[in-house]
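Dear colleague,

Please find below the structure that I am handing over to you, followed by an account of what was found in it.

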Amino acid sequence: MGKTADLTVVQKTTIDTLHKEGKTQKVIAKEAGCSQSSVSKHINREPKGRKRCGRKKCTSNRDNHTLERIVKQNPFKNVGEIHKEWIAAGVSASRTTTHRRMQDMSFSCRIPCVRPLLNNRQHQKRLAWAKDKKNWTAAEWSKVIFSDESKFCISFGNQGPRVWRKRGEAHNPRCLRSSVKFPQSVIVWGAMSSAGVGPLCFLRSKVNAAVYQDVLEHFMLPAADQLYGDADFIFQQDLAPAHSAKAGLRTMVSLFLIENLWGIVKRKMRYARPNNAEELKATIRATWALITPEQCHRLIDSMPRRIAAVIQAKGAPTKY
């Protein structure tokens with residue numbers, strides 16, 4: 001086996017590829033057909049070309065680790081607050097440097113996902129229901145109508161505090177904003193299945209058992225006729241108090257599938273600026289009409305994965 005300088009282009013490429021995949025040097029040496037020391041020297045070689053120029057960074061690795069810990073402990077603080085806490089830890093850096101280091105660590109400022117407040121009894125219901133449905137196929141889920149309400153405001157820019165998080169951390173518990181369903185606001189009810197979406201219902205009063213019963217009669221049943229015709233279907237609702245009332249249908253444990261659909265609608269509306277409630281309703285209707293059966297079908301196909309995630313999380317809210 002030759003020295004590092006004797007490695008062929010193919011061997012060097014093999015070493016680089018396997019190293020990126022996280023393989024050990026012993027495995028890489030065997031696959032590349034060279035010595036382990038040659039692999040080590042190639043991986044740790046100095047990059048060619050002139051050395052990096054510019055001013056040396058004013059913070060050490062230890063300082064950066066301190067900053068990362070501060071951000072993770074206080075992800076809802078703004079840059080100014082995080083900067084002050086970093087300075088208080090004995091680091092000398094400007095606010096701009098603080099922001100730049102956070103970006104170097106792959107932190108992005110995002111609107112936090114909302115975590116519904118569920119008690120232990122609801123966790124257990126979700127878990128029991130998920131276990132009961134764990135063997136359901138996507139074809140079986142295609143017979144289910146999912147329904148839920150969502151809040152829409154005229155001012156879409158007022159979305160509350162933001163959170164610092166990295167890619168893949170959207171549903172990390174420390175990055176979620178707690179919320180109780182539902183604060184006083186305009187509420188829209190909708191339904192979906194693998195066949196597409198049903199008609200919308202704009203609710204003018206607080207959602208109680210009587211109001212919800214009226215929604216089921218005048219909107220859910222027409223939606224079922226529209227989506228399924230004479231075929232059999234299963235109705236799926238969430239655990240909001242009005243839905244759990246004796247006057248309503250039998251409550252099932254929600255996996256909040258339709259909330260993904262509401263998220264799609266709100267993202268499509270993020271640049272809309274309605275001037276009044278009627279314009280807002282018109283925008284919602286127009287955007288809701290753009291939802292395709294293919295989008296709904298993809299969400300339905302994800303149900304087996306969502307069921308498995310709920311079981312793994314023992315009924316707690318989780319990333320699906």
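I begin with arginine 101, which lies in helix H6 (residues 95–104); helices (H or I, at least four residues) and strands (E, at least two) are DSSP runs, numbered from the N terminus. Please note that this is a predicted model, in which local features need pLDDT of at least 70 and side-chain atom pairs count only at pLDDT 80 or more, while totals for chains, interfaces and linings use all residues. Residues are numbered from 1 along each chain as its sequence is written, and side-chain values use heavy atoms, with hydrogens and water left out.

Arginine 101 has a relative accessible area of 6% and is therefore buried (buried means under 20% relative accessible area, exposed over 50%, partly exposed in between, with a 1.4 Å probe and protein chains only). Beyond its neighbours within four places in sequence, arginine 101 is in contact with Lys57, Cys58, Thr59, Asn64, Leu67 and Trp86, where contact means heavy atoms within 4.5 Å. Cysteine 34, by contrast, counts as buried because its relative accessibility is 4%. The count of disulfides is 0, a disulfide being a pair of cysteine sulfur atoms within 2.5 Å.

For the chain as a whole, the secondary structure comes to 13 helices and 9 strands. Of its 320 residues, 40% are buried. Among contacts between residues at least 6 apart in sequence, 72% join residues at least 24 apart.

Two packed helices are described by the angle between their axes and the distance between the axes. Axes are lines fitted to C-alpha atoms, for helices over the stretch in contact, and angles run from 0 to 180 degrees between N-to-C directions.

Helix H1 (residues 9–20) packs with helix H3 (residues 36–43) at an angle of about 75 degrees, their axes 10 Å apart. H1 and H3 are therefore roughly perpendicular to each other (under 35 degrees counts as roughly parallel, over 145 as roughly antiparallel, 65 to 115 as roughly perpendicular and the rest as oblique). Lys12, Ile15, Asp16 and His19 of H1 meet Val39, His42 and Ile43 of H3. By class, this contact of H1 with H3 has 3 nonpolar, 2 polar and 2 charged residues; Ala, Val, Leu, Ile, Met, Phe, Trp, Tyr, Cys and Pro count as nonpolar, Asp, Glu, Lys and Arg as charged, and the others, Gly among them, as polar.

Helix H7 (residues 120–132) and helix H13 (residues 303–312) pack with their axes 9 Å apart, at an angle of about 135 degrees. That angle makes H7 oblique to H13. On the H7 side the contact is made by Arg126, Leu127, Trp129, Ala130 and Lys131, and on the H13 side by Ile307, Val310 and Ile311. These residues divide into 6 nonpolar, no polar and 2 charged.

Two loop residues complete the account. Serine 106 lies in the loop between H6 and strand S1 (108–110). Its phi is near 75 degrees, a positive value in a residue other than glycine, and serine 106 counts as partly exposed at 46% relative accessibility.

Alanine 170 is found in the loop between strand S4 (163–165) and strand S5 (177–179), and counts as buried at 19% relative accessibility. Although alanine 170 and proline 112 are 58 residues apart in sequence, they are 7.1 Å apart in space, C-alpha to C-alpha. Not counting residues up to four places away in sequence, alanine 170 touches Cys113, Arg165, Cys175 and Leu176.

With kind regards
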